[in-house]
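Colleague: I would like to learn how to read a structure one feature at a time. Could we look at it together?

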Amino acid sequence: MSEYGTAIGFAPDEIDFAASTRAARLKWVIVVNSELPPGRAVNAAVCTAVATTKAVTGLLGDEAVDAGGEHYTGLPWVGCSILTADAEKLRAIRAKAAASPGCHVSDMPAIAQQIRVYTDFLATMKEIPTEEMDFCAIGIVGPRNRIDKLVGKLPLMA
């Protein structure tokens, strides 16, 4: 379930590992704050991806096996574009995505990279109003056309 009470994800009959990522009904993007240094940006993208795969059903494909029989964890079959935006644009995209029906948003608030104890993070989050929240990254999954409108022509992370 998303934070808004609606399950977002793929039904078993929609999962087609032989299809192009562009054929999938849902699109997944992660938008990272372009002002972050590389290490913090990667951390934010990874944490957001983990939160997204837990919350959105059907994103991960089956495990792969190489010619020698070694097993590899399944990867996202729908793909995931990593884009960048400045802090103000990131906050605006997050607000629009959170208000958009059929979209799931996973957030990496900036405060999360400053606090080492999770219960302290949870307590601090309760003190920050939504409109004042800064984000390191957001993950969005939703209908392809809606996601395209939300992220526009944001650049890929370089």
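This is a predicted model: local features need pLDDT of at least 70, side-chain atom pairs count only at pLDDT 80 or more; totals for chains, interfaces and linings use all residues.

Colleague: How should I read Tyr72, and which residues is Tyr72 in contact with?

Modeller: Tyr72 is found in strand 3, which covers residues 71-72. Buried means under 20% and exposed over 50%, with partly exposed in between, so Tyr72, whose relative accessible area is 42%, is partly exposed. Leaving aside neighbours within four places in sequence, Tyr72 is in contact with Glu63, Ala64 and Asp66. Asp62 is 10 residues from Tyr72 in sequence, and their C-alpha atoms are 9.1 Å apart in space.

Colleague: Now I would like to step back to the whole chain; how many helices and strands are there, and what pattern does the chain follow?

Modeller: The chain has 4 helices and 6 strands, and, read along the sequence, they follow the pattern β-α-β-β-β-α-β-α-β-α. The radius of gyration of the chain is 16 Å, close to the 15 Å that the globule rule gives for 158 residues, so the chain is as compact as a globular protein of that length. Taken along the principal axes, the C-alpha atoms fill a box of roughly 50 × 35 × 30 Å. Among contacts between residues at least 6 apart in sequence, 76% join residues at least 24 apart.

Colleague: What part of the chain is buried, and which residues have the most contacts inside the largest nonpolar core?

Modeller: Of the 158 residues, 39% count as buried. The largest nonpolar core has 21 residues, and those with the most contacts inside it are Phe10, Trp28, Ile30, Val32, Leu59, Val78 and Val141. Strand 1 (26-33), helix 1 (38-55) and strand 6 (135-143) are the elements that give two or more residues to this core. To follow one member, Val78 touches Phe10, Thr21, Ala24, Trp28 and Leu59, not counting residues up to four places away in sequence. There is also a second, separate core of 18 residues, which includes Val31, Leu83, Ile138 and Val151.

Methods: Residues are numbered from 1 along each chain as its sequence is written. Side-chain values use heavy atoms; hydrogens and water are left out. The radius of gyration is taken over C-alpha atoms; the globule rule is 2.2 Å times the number of residues to the power 0.38. Buried means under 20% relative accessible area, exposed over 50%, partly exposed in between (1.4 Å probe, protein chains only). Contact means heavy atoms within 4.5 Å. A nonpolar core is a set of buried Ala, Val, Leu, Ile, Met, Phe, Trp, Tyr and Cys residues joined through side-chain atoms within 4.5 Å.
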